[in-house]
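Colleague: I've got a new model open and I'd like to learn how to read its features. Could you walk me through it?

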Amino acid sequence: MPTGKRKKKKTKVNTILLCVMLAVMAVSAGALGWNMYKINSSAEDTDNDIKEDKEDKPSDSMYSIGKDPISIGKTYFEELNKAVDSGDHVQISSALVKCFVTEYYTWTNKQGNFDIGGIQYIFTDRQSDFASYTRNDYYADMDLYISQLGSKNLMQVSEVTVTDAVESEDMVVLNAAGEEVTYPCVTVTAQWSYESCSMDLSAAQTGGVFQVVNHDGRMEIASIQ
């Protein structure tokens, strides 16, 4: 029968072994957690790279394709690229309006009313004002629609038709400093339609007249009627 001293020694040895085992388990768990974190981070970085690559292409030096573009939006953006290459301001304005309408009036790819489509095509100095108007007016109920119907069941532009595009009188626009500046202008009239969806589109906008100005070499929408 073991003596009390041997019992104490055995207990001490068992305690040391237990501590060593716990330490090894902790280190292993930490290493496993770190590896999982690195794997997940790598996967997320890859997803982001792919997503950004898709969003940035095709593009040119003046415009970039909108976030999560729908199929027809990609087609119209290619038209815009070709128009920019041609240097014809009327063609550029027509294609630009088609891109704007497709991005702005399509809600199936939006995450909320902060996610404003086509804002890059708006006159640069007034983009902040346009964004504020959109969030508080045209996109005001978007979050409610998304929560009730789901974004994939909301309105989506199916086709945009430019019925007229002509060079018009120069347009006076307020710049960022609030000063009146005159720019060459192209007036574009367009009509558009929507895919069938769960929203009531009986009162949805289906047409408009756009004044597109030559803002220091970049065509931008200065007015929508």
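This is a predicted model: local features need pLDDT of at least 70, side-chain atom pairs count only at pLDDT 80 or more; totals for chains, interfaces and linings use all residues.

Colleague: How far apart are the end C-alpha atoms of helix α3, and what should the helix span?

Modeller: Helix α3 covers residues 89-104, and its 16 residues should span 22 Å at 1.5 Å a residue. The end C-alpha atoms are 22 Å apart, which agrees.

Colleague: What caps the N-terminal end of α3?

Modeller: That's D88: one of its side-chain oxygens lies 2.9 Å from the backbone nitrogen of V90.

Colleague: And how do I judge whether α3 is enclosed by the rest of the structure?

Modeller: Count buried residues, meaning those under 20% relative accessible area. In α3, 13 of the 16 residues are buried, so the helix is largely enclosed by the rest of the structure.

Colleague: Which residues have the most contacts inside the largest nonpolar core?

Modeller: That core has 40 residues, and the ones with the most contacts inside it are Y63, L80, F100, V101, Y121, W192 and F210. Elements giving two or more residues to this core include α2, α3, β3 and β4. The top contributor is α3, with eight residues.

Colleague: Take L80, then. What is it in contact with, leaving aside neighbours within four places in sequence?

Modeller: L80 is in contact with Y63, I92, A95, L96, C99 and Y121. There's also a second, separate core of six residues, with F123, V173, Y183 and C185 among them.

Colleague: On to strands. How do β3 and β4 pair?

Modeller: A general idea to begin with: side chains in a regular strand alternate between the two faces of the sheet. Here β3 and β4 pair in the antiparallel sense over six bridges, and N214 stands opposite M219 in β4. The two strands form a hairpin with two residues between them. Five of the seven residues of β4 are buried, so that strand is largely enclosed by the rest of the structure.

Colleague: Which residue in the hairpin turn has a positive phi?

Modeller: D216, at about 55°, although it is not a glycine. At 69% relative accessibility, D216 counts as exposed.

Colleague: And D68: where is it found, and what is its phi?

Modeller: D68 is in the loop between α1 (4-56) and α2 (71-86). Its phi is positive, about 45°, although D68 is not a glycine. With 32% relative accessibility, D68 counts as partly exposed.

Notes: Residues are numbered from 1 along each chain as its sequence is written. Side-chain values use heavy atoms; hydrogens and water are left out. Helices (H or I, at least four residues) and strands (E, at least two) are DSSP runs, numbered from the N terminus. The expected span of a helix is 1.5 Å times one less than its number of residues. Buried means under 20% relative accessible area, exposed over 50%, partly exposed in between (1.4 Å probe, protein chains only). A polar contact is a pair of N or O atoms within 3.5 Å; within protein, one must be able to donate a hydrogen and the other to accept it, and residues adjacent in sequence count only if both atoms are side-chain atoms. Two strands pair if DSSP finds at least two bridges between them. A nonpolar core is a set of buried Ala, Val, Leu, Ile, Met, Phe, Trp, Tyr and Cys residues joined through side-chain atoms within 4.5 Å. Contact means heavy atoms within 4.5 Å.
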